[in-house]
Amino acid sequence: MANVAEPIGAPLVRASAWSETIAFVIMAGFFIVAPVFIYPVFLMKALCFALFALAFNLLIGYVGLLSFGHALFFGWAAYVSAHAAKVWHLPPELAILTGTAAAAVLGLVTGALAIRRQGIYFAMITLALAQMMYFFALQVPFTGGEDGIQGVPRGFLFGLFDLSNTMTMYALVVVIFIASFLFVYRIIHSPFGEVLKAIRENENRAISLGYKTERYKLVAFVLSASLAGLAGAVKALVFQLASLTDVHWTMSGEVVLMTLVGGLGTVFGPVVGAFVIGAMQNYLAGFGQWVTVIQGVIFVICVLLFRRGIVGEIAHLLRIRL
Amino acid sequence: MFEIFGIPSQALFGQLLIGLINGSFYALLSLGLAVIFGMLNIINFTHGAQYMLGAFAAYLLLQLTGLGYWPALVIAPILVGLSGIVIERTMLQWLYKLDHLYGLLLTFGIALILEGVFRNYYGSSGQPYQLPPSLSGGQNLGFMFLPNYRAWVVVTSLVVCFGTWFVIEKTRLGANLRAATENPTLVRAFGINVPRMITLTYGFGVGLAALAGVMAAPIYNVSPQMGSDIIIVVFAVVVIGGMGSILGAILTGFGLGVIEGLTKVFFPEASNTVIFVIMAVVLLIRPAGLFGRTA
């Protein structure tokens with residue numbers, strides 16, 4: 001679409017990255033201090049969703065692809081890792097890896113289908129394929145149908161660390177999150193990431209420059225699906241549960257909302273968005289269905305008035321990169 | 001009573017009829033989506049919620065004012081269409097210059113609001129809506145029993161679909177519409193009020209969704225999530241058919257409804273997923289969709 005006035009995603013200007021380094025140090029410091037005054041289970045939940053949102057943002061913010069089916073990878077990785085830990089008795093590190101690998105395979109298949117169309121069709125296709133796999137999860141026996149897979153053992157990491165201890169589990173989640181965060185940061189600042197941004201800005205031009213854009217888009221899709229799967233697999237161990245909620249389209253909507261609130265195409269936006277929406281859900285849990293309504297209102301407000309999101313708005317005001 | 005492929009004819013034709021009914025709704029909804037997309041370049045995620053609103057409008061008209069099915073068939077689409085016009089004027093019109101994805105996100109948010117509000121007041125279980133007495137009963141066709149109401153739904157949606165196709169493809173109003181889709185600036189230069197045309201198109205597309213909702217009310221229960229259940233399937237229908245052609249949207253809608261109905265007879269486990277599988281196959285063979293123009 002050539003005549004788009006305000007594209008989705010980060011600007012192409014490259015400023016110095018000192019602001020990002022400072023923000024990263026603050027973020028890492030927060031994760032170390034936070035469990036003292038915030039309930040660690042909430043922190044782990046928010047971190048899983050932050051990782052999920054990072055994965056989603058990799059596609060929308062840097063390739064311009066809106067996936068409305070990311071719950072597919074999140075939820076199915078949760079099922080597979082829960083099954084691996086509970087039924088196959090795999091240690092947690094292998095259970096997480098199995099779940100992530102399953103999400104990567106699913107990402108390869110759905111990605112190969114979805115990138116055959118552009119723009120809103122891409123969003124509709126991912127949504128439809130995710131819905132198909134939702135019905136599949138409802139029917140196959142191993143997912144436990146409406147009950148889900150409950151009582152997933154957390155086990156001993158590398159046979160040494162007892163993850164049933166909340167703080168040990170928290171430490172693992174933080175390590176996984178920070179590693180993934182740096183991985184995503186590396187991707188979007190690599191030559192590969194620059195090509196992705198070129199595709200976002202003008203795909204035809206990228207093609208005419210000789211880039212096989214389909215291949216780039218597919219690799220980005222598989223990376224994003226795998227990271228979403230990693231988030232789901234970790235979530236299954238943290239809550240010892242994999243359920244239909246994780247594969248439902250509302251979950252895909254939630255990750256869109258988190259990223260939108262935090263700031264599409266910003267490095268820290270998905271993290272902030274996940275914590276804001278997570279906190280909101282926690283405080284408003286007593287309001288039942290009104291939470292959905294409030295989420296809808298936030299969507300509308302963000303799209304109409306607040307398209308840069310929290311982090312994007314701060315970065316814009318201070319003229320720094322975040 | 002006879003059998004086809006080992007299936008009793010009653011069951012086969014019964015499912016075929018249910019398929020045609022579902023197909024009617026798919027056709028009406030995907031038609032509305034295609035018309036809206038043509039003018040506004042927005043995928044209306046609220047479409048399912050507006051279908052639900054149509055059904056609830058009929059239900060509430062009966063509960064609050066005692067107006068039955070026939071008045072509701074006219075009033076509900078107008079009311080919901082008007083609410084669509086309000087949405088377009090207050091929100092959607094600010095997005096036309098932005099990336100199309102923002103339209104999808106905004107209408108998704110509106111759908112969440114509508115569904116959440118209704119679920120808050122009416123819960124997740126459905127409310128029954130009585131068949132209009134004039135359409136109860138049915139005909140025995142020898143090989144199957146045909147309920148009058150279902151025949152009415154199929155015929156009405158066929159008439160509405162082809163009426164819409166006729167207006168858009170064969171009349172002067174339709175010619176203006178199609179011209180405005182191709183080149184709005186030039187059409188405005190001819191003195192045609194394109195923004196008003198866009199608003200009315202959105203109202204009309206939304207009205208179609210509400211009409212489908214009213215017709216669906218006596219068949220399925222009136223429930224808050226009836227919209228989100230159907231809209232994702234309709235998205236798949238739209239991907240299969242491609243949104244370039246009105247006739248394509250109608251044919252794909254009915255065709256997929258029938259295929260889904262037949263799947264229920266021969267392979268019931270796959271009846272929920274068959275449309276998505278077909279979508280995947282079509283994407284492999286004809287990425288632009290069956291009736292889509294290749295970009």
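Tutor: What follows treats the confidence of the model, then the contact between the chains, and then the packing of helices within each chain.

The structure is a predicted model, with an ipTM of 0.88 and a pTM of 0.90. Chain B has a mean pLDDT of 88, and 97% of its residues reach 70 or more. Within chain B, confidence is highest in helix H3 (residues 69-90), at 94, and lowest in strand S1 (residues 3-4), at a mean of 65. Where pLDDT is low, predicted coordinates should not be read in detail.

The contact between the chains draws on 40 residues from chain A and 35 residues from chain B. On the chain B side, helix H4 (100-122), helix H9 (226-241) and helix H11 (274-285) each contribute at least two residues. H4(B) gives the most to this side, with 16 residues. By class, the side of chain B that touches chain A comprises 24 nonpolar, six polar and five charged residues.

One residue of chain A illustrates the meeting of the chains. A:Leu304 belongs to helix H12 (residues 290-305) of chain A. Apart from neighbours within four places in sequence, A:Leu304 is in contact with B:Met91 and B:Trp94. A:Leu304 counts as partly exposed because it has 16 C-beta neighbours inside 10 Å, a count that falls between the limits of 12 or fewer for exposed and 20 or more for buried.

Within chain B, helix H1 (residues 9-40) packs against helix H5 (residues 148-170) at an angle of about 30°, their axes lying 9 Å apart. H1(B) is therefore roughly parallel to H5(B). The crossing of H1(B) past H5(B) is left-handed. Residues making this contact include B:Leu17, B:Leu20 and B:Ile21 of H1(B), together with B:Arg150, B:Val153 and B:Val154 of H5(B). The residues of this contact divide into 10 nonpolar, three polar and one charged.

Within chain A, helix H3 (residues 71-86) and helix H4 (residues 92-114) pack at an angle of about 145°, with their axes 8 Å apart. H3(A) and H4(A) form a right-handed crossing. Among the residues that meet there are A:Leu72, A:Phe73 and A:Trp76 in H3(A), and A:Pro92, A:Leu94 and A:Ala95 in H4(A). This contact of H3(A) with H4(A) has 15 nonpolar and six polar residues, and no charged residues.

Technical notes. Residues numbered from 1 in each chain as written. Chains lettered and ligands numbered in written order. Predicted model: local features only at pLDDT ≥ 70, side-chain atom pairs only at ≥ 80, totals over all residues. Contact = placed C-beta atoms within 7 Å. Helix = DSSP H or I, 4+ residues; strand = E, 2+ residues; numbered from the N terminus. Nonpolar A, V, L, I, M, F, W, Y, C, P; charged D, E, K, R; others polar. pLDDT = per-residue confidence, 0-100. Axes fitted to C-alpha atoms, helices over the stretch in contact; angles between N-to-C directions. Parallel < 35°, antiparallel > 145°, perpendicular 65-115°, else oblique. Left-handed = near helix turned anticlockwise from the far one by under 90°.
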